[in-house]
Structure formats: C-alpha cells, structure tokens
Amino acid sequence: MRVPLSWLREYVELPAGVSGREVGEKLVRAGLEVETVDEGGAGLTGPLVVGRVLTFEPEPQKNGKTIRWCSLDIGADEPQWVVCGASNFEVDDLVVVVLPGAVLPGGFAISARKTYGYVSNGMICSTAELGLGDDGKGGILVLGADEAKPGDDAIELLQLREDVLDIAVTPDRGYCLSIRGVAREAATAYGVPLKDPAALELTGAGKGGYPVKVEDAAANPVFVTRTVTGIDPSAPSPRWLQQRLALSGMRSISIGVDITNYVMLELGQPIHGYDKARLAGDIVVRRATAGEKLVTLDDQTRELDPEDLLITDDSGPIGIAGVMGGATTEISASTTDVVIEAAHFDAITIARSSRRHKLSSEASRRFERGVDPALPRYAAQRVADLLAELAGGTITPDETVVGEPATAEPVTIPVAHAATVAGAPISDADTVAWLEAVGCKVETAGSDLTITAPSWRPDLRDPNDFAEEVIRLYGYDNVPSVLPPAPGGQGLTGSQRRRRRIATALVGAGLTEVVAYPFVGEADFDALGLPGDDERRTTVRLANPLSDEEPSMQTTLLPGLLRTAERNVGRGTTDLALFQTSLVFLPKASEGGVSVAPLPSVAQRPTDEELLALDAALPHQPLHLGAVLTGARVAAGWWGKAQPVSWTDAVQVARTVALAVGVEPVLRNVERAPWHPGRCAEVSVGDTIVGYAGELHPTVCKAFGLPARSAAVELNLDALIEAAPVSVTAEPFSSYPVAKEDVALIVPAEVASADVEAALVEGAGDLLESIRLFDVYTGEQISEGKKSLAFALRFRAPDRTLTETEVAEARQAAVQVTVSRFGAVQRVG
C-alpha cells in the first residue's frame, strides 16, 4: 500500500515538518512493515513554471519527425522560446515548462541547447518527465484553464515534492490497505486525533434503490447500491485526484473509474460502478452454475466454477463478486447514470475465486484480508458525493441495503493479561487506553476487561490478539529480554546420539547432507515406476497444498533426493553423493480407507473427543535415511581412469549406516522399484527389514535426468536404531597370531550369499574372528545354475596360538554345515 504523506495529513494532525521517514519509523514501531519511503522530487530543482502557449510553428524534419518551435508566456517580460516534439497541445493551453538550470527527476539537467536549427531555452514537460508516472497518453501535460496562471511555481502546484510510504500489509492488517487504516495507526502512534474519512452524513433512504437479491447471505452478508444520474462522462478528473492515484500506484482512466478507485484507496472498501442503462433486470448475487462464462474487465473469457460467487442480472453473470466486474456493464465514455455497488463478501470465498482464476485484483486483495463490514453505506455515499461534486451528477435518495454487518462477540480477559504475556510493567490504565485507541470498546468489571473488537479488525478474536495490540503500542523494544534459566538435562538421547554418529560416518565417507521438500505427487511415483498397488502410493493428502502437483506428504525420501540430484546434474555437477534424514508419513488405515483428520472450529479449544480423533488420524512418522549416488565414485586423474558409481557403493552406504550403530546388516537380493532387478539388496537386521540399496532402474534415471547406473539407498532409521544394541561391548583383543583360511564353495545360484555366510559362521564356532565374501564367480568353469562364493576366514584364539589341526577342523566344520544345508561343493583351483 502506497501512502502519500500529504493525503495522510488530511486525516491525522501530524507534527509540522515531520518527514516521511520519521512517520515510517513511528509506524514500524507500531507494528507495520514500512518497506521504503519514496522521497518524490528529492532530486528536483527549479525553475519549473507554468507557461501559456502563445504560438507554435510545425516544422517537418528530414528524419520524418515534426517539431514545433513554440513561444510561451511564463510570466516574464519576454516570451520563452523552446523546441518541442509533441503535438497534443494547442495555442492558449497551459503547460509545464522547465527552464535552463533546473534538474528533473533522475538527474536530468536542463540547459539551453541548439537543436533542429534553434536554441531551445528549456523544455515542455510530460507527466513521465516530471516523475508523475505514465498517464497512458504519452504526450505533454496540459493543465486546466482554471488550475494556474503563467509563471506559477509548478513544483508547488503539482506537489512534485512528496514523500510516499510503501507499506507491506500483512494478512492480519487488511484495514491498512487504505489511507483510513494507516491514518488510524499514525494517529495512535503519535497520540493525536483522527479525522475519520468514513464519518459521513448518510443521505440515502435505506430503501427503494436498484433491486438486489442475495441468494447466499453467508458469502455476501451486506450489499448496498446508490444511484447517481446525469453525470458528465467527459468531465476530466481534477489534477489532485489524478496526482493521488498516481502516487498510490494507479493510473487515471476516467472520472467514474477514478472516483471508485480513489474511495477504495481512501476507505479500503472496494467499489464497483455499473452503467445503469446496460443493466438488465434485478441484480442477483448467487453461485455460478456449471458451464457459465464471463468476459471480465481485462477482456479475458473465464470459465466459471460452481464455487464462484457471482453478480448477475437477467443477461447472466456481470461480475465475479469481490474480484472483477464484467465487460458488459462497465462504465464507458457514454455512461450518464451510474449504479454504485458497495458490498461485503466472505474473505475465504473471494480468496478461492481469486486463486482459482489466477486473478489478483485490488478488490480481491482487500476482501481476502478482511474489509470493514460496516463500510458499504458510507463508501457508497462517498462515491455518490464525489460523482455529484466532480462530474455534475444528481444523487437519488433511493438506496438498496441488503443485510446488515455482523457484530463481534465480546471477549473477557484479565486486565493484567498483556503485562503477564509480555513480562513488562504495563499499567491497567495504559492497557485500557491502548485498546480504546485501536478502536475497541472496553468495559471494566473488577480485575477483568470485556472487550469488543471494532468492525474493521476481524483478526481480534483471542485474548492474546488483544494482548498483542497492547504490547505493540507499548513498544516491543521496551519489553525486557530475560534469558530463562536452563534446567538441568540428561544430554542427548540414545537415538539422537546414534543419528549423529550415522551423519558423521556418512560425511566421513564423502557424502553431503541435503534438505529436500517433503511433498510428493502421483507424477513422482510414476517416475519411480511404482506399481499401482504399491503401499507408498497411499499418502497423507494436504487440505491446502503449496502446489496442486505435489499435494501429499512423502512416503519415501527418494523423490525429493532425486529431484535435488537432478537439479545439480542440470547445472553441471554430475558426480554426487547426497544423503538426507527426514520423516516419512504413512497414513493409518480405517474401515472406510485412509483416516481423515477432523477440522475443529478455531473459535474455541477442541473438545477431548476432537483431540482424540485428531490423534487417531495422525499418520505414522518413522525417520528414514535416503542417499543418491551418481557419476564417478573416484574422479579420473594421473592415477588412472574414473571409477563409476555402482550398486556396490549403495550397499556399502547401507553397511556404513548399520555399522555406525553397531550392527552387521544381512543383505539379500530382491526385486523392488525403483531399483534395477538383480541389482537391489534388501537390508535387514535379524528378522527386521530396514531398507533397500542398489542401482536405480534405467527408466528412473531417465525420468529424473540422472547418469546411467546411478544408485540409491533408503533405510528406516527408527527400525535400524531399535534393532541395534543399547551399547556396543568391545571385544577382548588377542595378541596371538591370526590364522588365515580361504574357502570357495559352489552352490545353487538362487542361494543367497548371506545364508552361506551365516552357515559358515555357525559351523566355524568361537574360533572364527571374521569372515568376508571377496569373490562371486559364474562362468564356463561352473555348471549352469551354479555360482562360486569365495570367503576369507580369519581364526584366532584369545589365549594361545592355534595349531594347524585346530584351524583345519574349524574350517572343515564350517564347510560341512554348508554341504548339509545347501549341497555346497568346495571349489579347488
């Protein structure tokens, strides 16, 4: 919201000489977000005067342009001669002339200079050159005959030196999208009286106006119309009105449109004007029906939704309520009779329509933040008064008033509530005074206050809302900063220690931790190649998602990680090792499908039953760890060729995580999307499956734009940590020599290496210190349907050097278990 300081001064008795920056600082201390203060005309220096065109001679040039050699009366003894390239002025017109020695906005210094064969002693100015914005006409600024006389100071006349406050209005301060609202805040901040621009004498009869029917009173509780006849549509908007609109960021269009925009900026109530001659029958406010369309004022044909609230007449829709009017009934250059609409609409209804049609207007911005429901009659009166004053119209006494504004419910709070919340010495008298200053009605009864919020503050409903108003006027910088004493704690929990140990281990292994958004959509699951019945497709759907394409909470970390990798690969970084720890959200099943959380009212505390229902609907939220590996594991260099990432690197990441919490994972080959069949390992601890690791399927790599043979890991950290021992006991270290034995076993191809390894451990007994699979072979030397697994066995005793006989017996015992269990055959040579 752009607020010219001179307009603000009309309604607030600001101290004389106070600058826009000083006012901005006061408003910031009161809680408004003043982003900038534009010091209009700060670099402007005169002389800049009004001149009357005495003569001009059009002279065509060789370049095809026609210039005018003009003489001007600027109140001096002699005419001023200048060259001008514009042609939208005539003899006797009043124009603005900048003379040599002046500097225009933007540091444009003016001097007498020779051009087109003449010495031009200055320049005739357009609105853009004066820093007033583009008037849409692209020509010289022509003043009205009664606005000034030759020689008058144009800087003062046009108020070219003007401070404008640019305020970022937060959603809870919708009333500040108006001069009225900002003036109220300024009056409170300075402790001076407010001249309310809405304090008008109502001349309407309250009945007999243009007929209106409201079919949805909940969405449209108040609808007011006034009629003004006999306006002059050719009447120009006065200079002060155009100037204020321009400073506020709006362009002058016509007298009727300018007045409705002016009142909207002044009071905060959006206004719409209809050409009465183009209305057909009663105005009806209703919801849209399927298939209806409307051409809005921006000349766009819009397909209407049954949830849209419409303004209609016998011809059909003539506007989307609170968003934008229709082209069929707009005020035009021939309009003489105007029906003024000032209505109050439900904020949520307007916000949804605005977003549905991707149409954010000045009206919708105000309605969706909350407009004063008591304003419509006063705003309609203000528009009617200005149309009569500036456009020669006649106000009819007939007035339509449908509905009445709702009143706020009183809230009772302790008088010391604000002081208690702030922990500051705020007196009871100051509490009452500040609540009344923001417009509240306050009644005192003992140690309690009964407060009724003003109609323009729909955000004041909770005791803490009123406390916030008191505290912000007391001054946040006056609230003492007291560091609360830290209670004694127990340090990190076991789970937290393990999570930190895991992150440290992965970073030490060369991975980089990232944070990805937890939102997913069906397109993500399709890109992962998940089957239609995969449990990961059953998600928690958000009621108000940030994006319609990702409306659900993640059930797997891979989509977010893969999108992060895709972004990096797209920017030239192809060698990646990324990991993330985050929650996944697994909905609970109910008899009717997925549990749906109830939506309790925000007007009071949820009931115990509602809280139980909310708890019951909460999804399971286990902590997962995901990792993505792409490109080269080892870069190329003088040491040799690059070593590309493979599925074994993903498996090693899983092992690193498991070993960090003190467990040895069991790996089995499985098929599971999005991994490549035959290159995916199921990771388990005991009987608990804790995740999967391996090479991504080629179609998944292609879908996310990743290098071929990229790999990924996803583990359930909660399950892994729960399966891990509470503490890891250090094994006694033996100083006796180790006995090394290798064994190669031929087993059926379908037998998992983990099962063979477990059998060897079982048979070897206590003397076996470690075992490692170091080779898997299939080929010509092995029968079809078989494979060779080679293990390195290490034997050691804690109290003696093992004999060859002991080692051979332990080795043979281990092999014997695999023979009996899998039909293994030792491979020799």
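Visitor: In which loop does Asp 146 lie, and is Asp 146 buried or exposed?
Guide: In this predicted model, Asp 146 is found in the loop between β12 (142–143) and α3 (154–157). The relative accessibility of Asp 146 is 74%. A residue over 50% falls in the class called exposed, so Asp 146 counts as exposed.

Visitor: How far apart in space are Asp 146 and Ser 234?
Guide: Along the sequence, 88 residues separate Asp 146 and Ser 234. In space, taken from C-alpha to C-alpha, the distance is 17 Å.

Visitor: Which residue forms a salt bridge with Asp 282?
Guide: Side chains of opposite charge can pair when their charged atoms come close. For Asp 282, the closest N and O atoms of the pair are 3.8 Å apart, and the cut-off for a salt bridge is 4 Å. The pair links distant parts of the chain, 69 residues apart, with Asp 282 in the loop between β16 (272–275) and β17 (283–287) and its partner in strand β14 (residues 212–214). The partner is Lys 213.

Visitor: Are the side chains of Arg 536 and Asp 534, which meet in a salt bridge, buried or exposed?
Guide: The N to O distance in this salt bridge is 2.9 Å. Arg 536 has a relative accessible area of 7%, and Asp 534 has one of 10%. Buried means under 20%, so Arg 536 is buried and Asp 534 is likewise buried.

Visitor: Which residues are linked with Arg 457 in a network of salt bridges?
Guide: Arg 457 is buried, with a relative accessible area of 0%. Its side chain meets that of Asp 459 in a salt bridge of 2.8 Å, N to O. The network joins Arg 457 with Arg 173, Glu 185, Asp 459, Glu 469 and Arg 472.

Visitor: Why are the buried residues of α11 on the same side of the helix?
Guide: Helix α11 spans residues 428–437, and its residues Thr 431, Val 432 and Leu 435 are buried. They lie on the same side of α11 because the arc they cover around the axis is only 95°.

Visitor: Which elements are included in what covers the buried residues of α11?
Guide: The buried residues in question are Thr 431, Val 432 and Leu 435. Their cover includes β26 (441–445), β27 (448–452) and α12 (463–474).

Note on methods. Residues numbered from 1 in each chain as written. Predicted model: local features only at pLDDT ≥ 70, side-chain atom pairs only at ≥ 80, totals over all residues. Heavy atoms only, no water. Buried < 20%, exposed > 50% of the residue type's maximum accessible area, 1.4 Å probe, protein only. Helix = DSSP H or I, 4+ residues; strand = E, 2+ residues; numbered from the N terminus. Arc of directions from axis to C-beta. Contact = heavy atoms within 4.5 Å.
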